Amino acid sequence: MQRAVQAFSVHGNTLKNAILHRIRVVNPVMRTVMFSRSLTSASMEEHGFESTTISDVLKAKGKGADGSWLWCTTDDSVYDAVKSMTQHNVGALVVVKPGEQKSIAGIITERDYLRKIIVHGRSSKSTKVGDIMTEENKLITVTPETKVLQAMQLMTENRIRHIPVINEKEMVGMVSIGDVVRAVVSEHRAELDRLNAYIQGGY
């Protein structure tokens, strides 16, 4: 996944730079026209993928993005947590203290299950989630205002696939590396389309 993200970033920037280069080397006769459109160009950059936030990603995910069914408690068994992951086709669950759904206590992932249960031959039915989860004070989190590219960098540098979204100490959702990559791909395409339309409009 890391190689895919890095490759995407390189190729995406290459395409963008190629289009921008075409703008710079346009026929001098057209430079007056291009100059008159400079405000439009600045506006396009402002609304490019660099401005996309985690809040945008959560909105795109729909109603389930608030994490209402993507959580378990510290007292739940690891077996039940993994069963819930399987049922909802997700790779991680936010962990909360019993009766405190919006107060995050940690996170449990497929990796935790493999490394702390399977490898050590422990029973998932007799082990509580709180015993193997990554605790809240060790979590890497983002806010709804975090830029998507910043979130991607955090996830790839720390080799994590899921990241909780926290707003004023409350859990508001969770995004995966897949969510982030899809958002960047979508915005890359949209920005390249805008740049291409801008070029074509100048001829």
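Okay, let's start in the middle of the protein. The largest nonpolar core has 15 residues, and the members touching the most others are Ile 54, Val 142, Val 148, Val 165, Val 175 and Val 180. By nonpolar core I mean buried Ala, Val, Leu, Ile, Met, Phe, Trp, Tyr and Cys residues joined through side-chain atoms within 4.5 Å; buried is under 20% relative accessible area, exposed is over 50%, and partly exposed sits in between, with a 1.4 Å probe and protein chains only. Two or more residues each come from helix H4 (54-61), helix H8 (148-157), strand S5 (162-167) and helix H9 (177-201). Helices here are DSSP runs of H or I with at least four residues, strands are E runs of at least two, and numbering goes from the N terminus.

Quick caveat: this is a predicted model, so local features need pLDDT of at least 70 and side-chain atom pairs count only at pLDDT 80 or more, while totals for chains, interfaces and linings use all residues. Residues are numbered from 1 along each chain as its sequence is written, and side-chain values use heavy atoms, with hydrogens and water left out.

Back to Val 180: skipping residues up to four places away in sequence, Val 180 touches Val 148, Met 152, Met 155 and Val 175. Contact means heavy atoms within 4.5 Å. There's also a second, separate core of 13 residues, including Met 85, Val 129, Ile 132 and Met 133.

Now H8. Its buried residues are Val 148, Ala 151, Met 152, Met 155 and Thr 156. They're on the same side of H8, because they cover an arc of only 125 degrees around the axis, taking directions from the helix axis to the C-beta atoms. Just after H8, look at Arg 159, with a positive phi of about 55 degrees.

Next, the strands. S1 (residues 71-73) pairs with S2 in the parallel sense over three bridges; pairing requires at least two DSSP bridges. Thr 73 has Val 96 in S2 as its bridge partner. S2 covers residues 92-97, and five of its six residues are buried.

One more spot: Ser 77, in the loop between S1 and H5. Buried or exposed? Ser 77 counts as buried, because its relative accessibility is 14%. Neighbours within four places aside, Ser 77 contacts Ser 124, Lys 125, Thr 127, Lys 128 and Val 129.

And the overall picture: nine helices, six strands, and 39% of the 203 residues buried.
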